[in-house]
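Hi everyone, thanks for coming. Let's look at a structure together for a few minutes; please have the viewer open and follow along.

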Amino acid sequence: MKIVTRFAPSPTGFLHIGGGRTALFNWLFAKHHQGTFLLRIEDTDRARSTQAAVDAILDGLKWLGLEWDGEAVSQFQRKDRHAEVVAEMLANGTAYRCYCTPEELDAMREAQKAAGQQPRYDGRWRDRDPSEAPAGIAPAIRLKAPREGETVVNDHVQGEVRVQNSQLDDLILLRSDGTPTYLLAVVVDDHDMGVTHVVRGDDHLTNTFRQLQIYNAMGWAAPEFAHIPLIHGPDGAKLSKRHGALGIEAYRDMGFLPETMRNYLLRLGWGHGDAEIISTEQAIDWFTLEGIGRSPSRLDFAKMENLNAHYIREADDARLVALTSPFIEAKIGRALTDAEKERLLRSVPGFKPRVKTLLELAEGSLYLFANRPLALDDKAAALLTAEARSQLAALAEAFAASPDWSGAALEQIVRDHAERTGLKLGKLAQPLRAALTGSTVSPPIFEVAEILGRAETLVRLEDVAKGG
């Protein structure tokens, strides 16, 4: 059997981090079995579905590196097929027309509540002659669900789950305006697309019982199911907006790498021994549905940042420049020149061991592109005393005379000056850092001077001397 999975988001907002994990699990399972990973946009809710949300979902999946096979399918565009299936069900007696008015249904629910019963459709049109239908009422089409026995889901994650059919009412398949319901559309689409495994959040488990009844009514073989526990916030509560960034694009904008997110999302509810750092190739090789745990996972932003730091250290320098440049350009309000990108490229090795996100890399490298005279933060300004400025002026003269503009050569000049003056190296290096970067934190300062180059280093030191 060829494995076919699908990711089926509703385009009513951004690609939620939980949706990203669901897509990842489906993608990995398909890749592990050399199968097919499909994308279906469940846009039957026309009032809430937007093209902007569709674009955000597609963009988020592409950023994560989860490319789907074939074209994305629009569920709404298949509405005629959904209606065709319902016509078959009416013909074979597994569906019927219900002429209840909204007021009648409301009264039914209120009476059930008053009697302490669970509100549900009571089947009053299930076996009634359509000739009794009131004039002017467009019917909804309902499934004639079995009332005896039970429906069983053999789930790859949850195990065997049963529900008594008496607990399930006759669900609506087509609304009175002719539009299909979600439960019907999902079944028809999964069947027609040849989906063999449905991997989704466990909040869909109750839907599965109803969907299995539709499969049975049509005589179709049902796919296998795996319902994943939801992601919770750091406090253990169900993930919500109050926990912060929820959309995949928000993590991209915070400077996380896509390989970080794939690794992190994989470990949210799935494991392979004690492995924490898992490459995409390893994930494809190792992934099974049986590796998914039954307990909800908690977001841990510190762990995510530490993982990102690992992948930044492993990343190609030129790639980091390409990914970081847009952050820098947004902050300085202009495009970087080729010469500036080359300067950034030379600075990346010094930043790699120190930063956890691309945003930190961008912010830390702003001194490379700052307008003169540099704006000094409070700690940097405090270091640039009159004595420190005097020492920097002397260093500038020695720097200017040096034929060798390497970090090692510049460091030796400073060490020689410290020995002559009896000053500790830090008493020279820290003011030098403040003068060249405007901050007290940076990569090794002699690397900074080498990257800035002779001309830029000397004019920045000159600015400090004038300021004195």
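I'll go from the nonpolar core out to some helices, a few single residues and the backbone. Please keep in mind that this is a predicted model.

Let's start inside. The largest nonpolar core has 91 residues. Those with the most contacts inside it are Phe25, Leu61, Leu266, Phe287, Leu299 and Leu432. Helix H1, residues 17-32, supplies the largest share of this core, with 8 residues. Apart from it lies another core, of 19 residues, which includes Leu171, Leu184, Ala217 and Trp220. As general background, nonpolar side chains in soluble globular proteins tend to be buried together.

Now click on phenylalanine 287. What does it touch, once residues up to four places away in sequence are set aside? Phenylalanine 287 touches Phe25, Leu28, Phe29, His32, Leu266, Trp270 and Ile292. Two of those names come back in an aromatic cluster, which is formed by Phe25, Trp270 and Phe287.

While we're on aromatics, the count of aromatic pairs comes to 6. Take tyrosine 251 and phenylalanine 301: their ring centres are 6.5 Å apart and their planes are at 15°, so the pair is stacked. Tyrosine 251 sits in helix H7 (residues 248-253) and phenylalanine 301 in helix H10 (residues 301-314), so this pair ties together parts that are 50 residues apart in sequence. Are the two partners buried or exposed? Tyrosine 251 is buried, at 0% relative accessibility, while phenylalanine 301 is partly exposed, at 28%.

Next, helix H8, residues 258-267. Why do we call H8 largely enclosed by the rest of the structure? Because 9 of its 10 residues are buried. Among the buried ones are Pro258, Glu259, Arg262 and Asn263, along with Tyr264, Leu265 and Leu266. Just after H8 comes glycine 269, with a positive phi of about 105°.

Leucine 66 gives us another view of this region. You'll find leucine 66 in the loop between helix H2 (51-64) and strand E3 (73-74), and it counts as buried, at 1% relative accessibility. Leaving aside neighbours within four places in sequence, leucine 66 is in contact with Gly20, Ala23, Leu24, Trp27, Phe37, Leu61 and Arg262. Leucine 66 and proline 258 are 192 residues apart along the chain, yet their C-alpha atoms are separated by 9.9 Å.

Let's move towards the end of the chain and look at a helix pair. Two packed helices are described by the angle between their axes and the distance between the axes. Helix H17 (residues 425-437) and helix H18 (residues 445-452) pack at about 35°, with their axes 10 Å apart, and the crossing is left-handed. On the H17 side the contact uses Ala429, Leu432, Arg433, Leu436 and Thr437, and these meet Ile445, Phe446, Val448, Ala449 and Leu452 in H18. The residues of this contact divide into 8 nonpolar, 1 polar and 1 charged.

H18 also has 6 of its 8 residues buried, so H18 is largely enclosed by the rest of the structure. Which ones are buried in H18? They are Ile445, Phe446, Val448, Ala449, Ile451 and Leu452. The cover over them includes helix H12 (338-351), helix H16 (407-421), H17 and helix H19 (454-467). Following H18 is glycine 453, whose phi is positive, near 90°.

Leucine 383 lies in helix H14, residues 378-383, and is partly exposed, with a relative accessible area of 27%. Leucine 383 and proline 431 are 48 residues apart in sequence, but 5.6 Å apart in space, C-alpha to C-alpha. Not counting residues up to four places away in sequence, leucine 383 touches Ala388, Gln430, Pro431, Ala434 and Thr440.

Finally, the backbone. Most residues other than glycine have a negative phi, and most peptide bonds are trans. Glutamine 34 is not a glycine, but has a positive phi of about 55°. Glutamine 34 is in the loop between H1 and strand E2 (36-41) and is exposed, with a relative accessible area of 65%. Then there is the peptide bond from arginine 372 to proline 373, which is cis, with omega near -10°. Proline 373 is in the loop between helix H13 (358-364) and H14.

That's my tour, and I'm happy to take questions.

Key: Residues numbered from 1 in each chain as written. Predicted model: local features only at pLDDT ≥ 70, side-chain atom pairs only at ≥ 80, totals over all residues. Heavy atoms only, no water. Buried < 20%, exposed > 50% of the residue type's maximum accessible area, 1.4 Å probe, protein only. Helix = DSSP H or I, 4+ residues; strand = E, 2+ residues; numbered from the N terminus. Axes fitted to C-alpha atoms, helices over the stretch in contact; angles between N-to-C directions. Left-handed = near helix turned anticlockwise from the far one by under 90°. Contact = heavy atoms within 4.5 Å. Nonpolar A, V, L, I, M, F, W, Y, C, P; charged D, E, K, R; others polar. Core = buried A, V, L, I, M, F, W, Y, C linked by side-chain atoms within 4.5 Å. Phe/Tyr/Trp six-rings, centres within 6.5 Å; stacked < 30°, edge-to-face > 60°.
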